[in-house]
Amino acid sequence: RDPYSIRELWLVPYAALAFLVLVGWILVDRFVQALNDAERSNAELEERVSEKSAALALQLRRTQEARDAAEHADRAKSRFLAAASHDLRQPLHALGLFAAKLPDHVRDDAGTRLAERIGHSVDSLEGLLSSLLDVSKLDAGAIEPRPQPVALDALLARLADEFAPLALERGLKIAVVPTRRVVRSDPILLERILRNLVDNALKHTRSGGVVVGARPRGAQVSIEVHDSGPGIPASERERVFEEFYQLGNVERDRSRGLGLGLAIVRRLADLLGHRVEVDSQVGRGSTFRVVVDRDDAAQAAP
């Protein structure tokens, strides 16, 4: 009731307002400072990302250039080997003929054994060079398929006659199931595919034998090579088609091949547009299939 007794409280609302303004200014200042720091950090981060991206793009460009150069060199090598294929095979073939004649001119047993070893070495070298040249010709695109009707019965019978002595030498059996199927393919390349499959089956089979036949599969025919060999684990079924990869042959026994037969099979099948399949059970054998389009209405070429 005495106005002079409460005069000290008149400044309280103004002091509170001033305090709130001060606190708000401090908070706003800190927020602005934090925002500036964040923008500065973002700018530095973007600059670093740009530098890293530029360095990565440069590295990728250099890697691409190196890969292109390597591919160009590989194609050039393949084209050279494909062009020189005949010139490389001819002297080696002549050497094989000379080695085959050498035992006729040797009179003692030691010389005969030495001549036989020379012949085996020449055969191995010729097989290796032929396989390498075939792969090079495929890589260089020097092989052009000529699809036409192919009668499978005569083709399979010819393979059986060709591999019968080898199967007999190894104590194995080879059988062909007669068929009247006619497919559309390149007869020479298809025969090469099947020859490699049969040869591979005989090399890896220790007892039993090999059966070759054909099954209809809708508009296609599945040409199959069955063997009673050791089988292929599921994890290795794709790797067996790689160059120089051999399952269970770490010692590189030349009698079991060079690891190029199935690689050539896959490349020839891709060139012809055929599909290669493999089924196998470890300890019970393997089945390789070449799926080819049917051409029953056409007349098979001889």
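The following dialogue explains how to read several features of this predicted model.

Me: How many salt bridges does a search of the whole structure find?

Reply: In general, side chains of opposite charge can pair when their charged atoms come close. In this structure, the search finds twelve salt bridges.

Me: Which residue forms a salt bridge with Arg-195, and where do the two lie?

Reply: The partner of Arg-195 is Glu-191, and their closest N and O atoms are 2.8 Å apart. Both belong to helix H5, residues 187-203, and because they are four residues apart there, about one helical turn separates them. Arg-195 counts as partly exposed, at 23% relative accessibility, while Glu-191 is buried, with a relative accessible area of 13%.

Me: Which residue pairs with Arg-289 in a salt bridge, and which strands hold the pair?

Reply: Arg-289 forms a salt bridge with Asp-279, with 2.5 Å between the closest N and O atoms. Arg-289 counts as buried at 15% relative accessibility, and Asp-279 is partly exposed at 37%.

Me: Is Leu-172 buried or exposed, and where is it found?

Reply: A residue counts as buried when its relative accessible area is under 20%. Leu-172 has a value of 7%, so it is buried. This residue is found in the loop between helix H4 (152-169) and strand S2 (173-176). Among the residues that Leu-172 touches, leaving aside those up to four places away in sequence, are Ala-167, Leu-202 and Thr-205. Leu-172 and Ser-228 are 56 residues apart in sequence, and their C-alpha atoms are 9.9 Å apart in space.

Me: Is Leu-20 buried or exposed, and which surface patch includes it?

Reply: The term exposed applies over 50% relative accessible area. Leu-20, in helix H1 (residues 12-83), is exposed because its relative accessible area is 57%. Together with Phe-19, Val-23 and Leu-27, Leu-20 forms a nonpolar patch on the surface, with about 400 Å² of accessible area in total.

Me: What joins the side chains of Asp-295 and Arg-184?

Reply: A polar contact of 3.2 Å joins these two side chains. Asp-295 is placed in the segment after strand S7 (285-293) and is buried, with a relative accessible area of 14%. Beyond residues up to four places away in sequence, Asp-295 touches Pro-149, Val-182, Val-183 and Arg-184.

Key:
Residues are numbered from 1 along each chain as its sequence is written. This is a predicted model: local features need pLDDT of at least 70, side-chain atom pairs count only at pLDDT 80 or more; totals for chains, interfaces and linings use all residues. Side-chain values use heavy atoms; hydrogens and water are left out. Buried means under 20% relative accessible area, exposed over 50%, partly exposed in between (1.4 Å probe, protein chains only). A polar contact is a pair of N or O atoms within 3.5 Å; within protein, one must be able to donate a hydrogen and the other to accept it, and residues adjacent in sequence count only if both atoms are side-chain atoms. Contact means heavy atoms within 4.5 Å. Patches are made of residues with over 30% relative accessible area and no salt bridge: like charges are joined within 9 Å, nonpolar side chains (Val, Leu, Ile, Met, Phe, Trp, Tyr) within 5 Å. Accessible areas come from the Shrake-Rupley method with a 1.4 Å probe; for residues, only the protein chains shown count as cover. A salt bridge is a side-chain nitrogen of Lys or Arg within 4 Å of a carboxyl oxygen of Asp or Glu.
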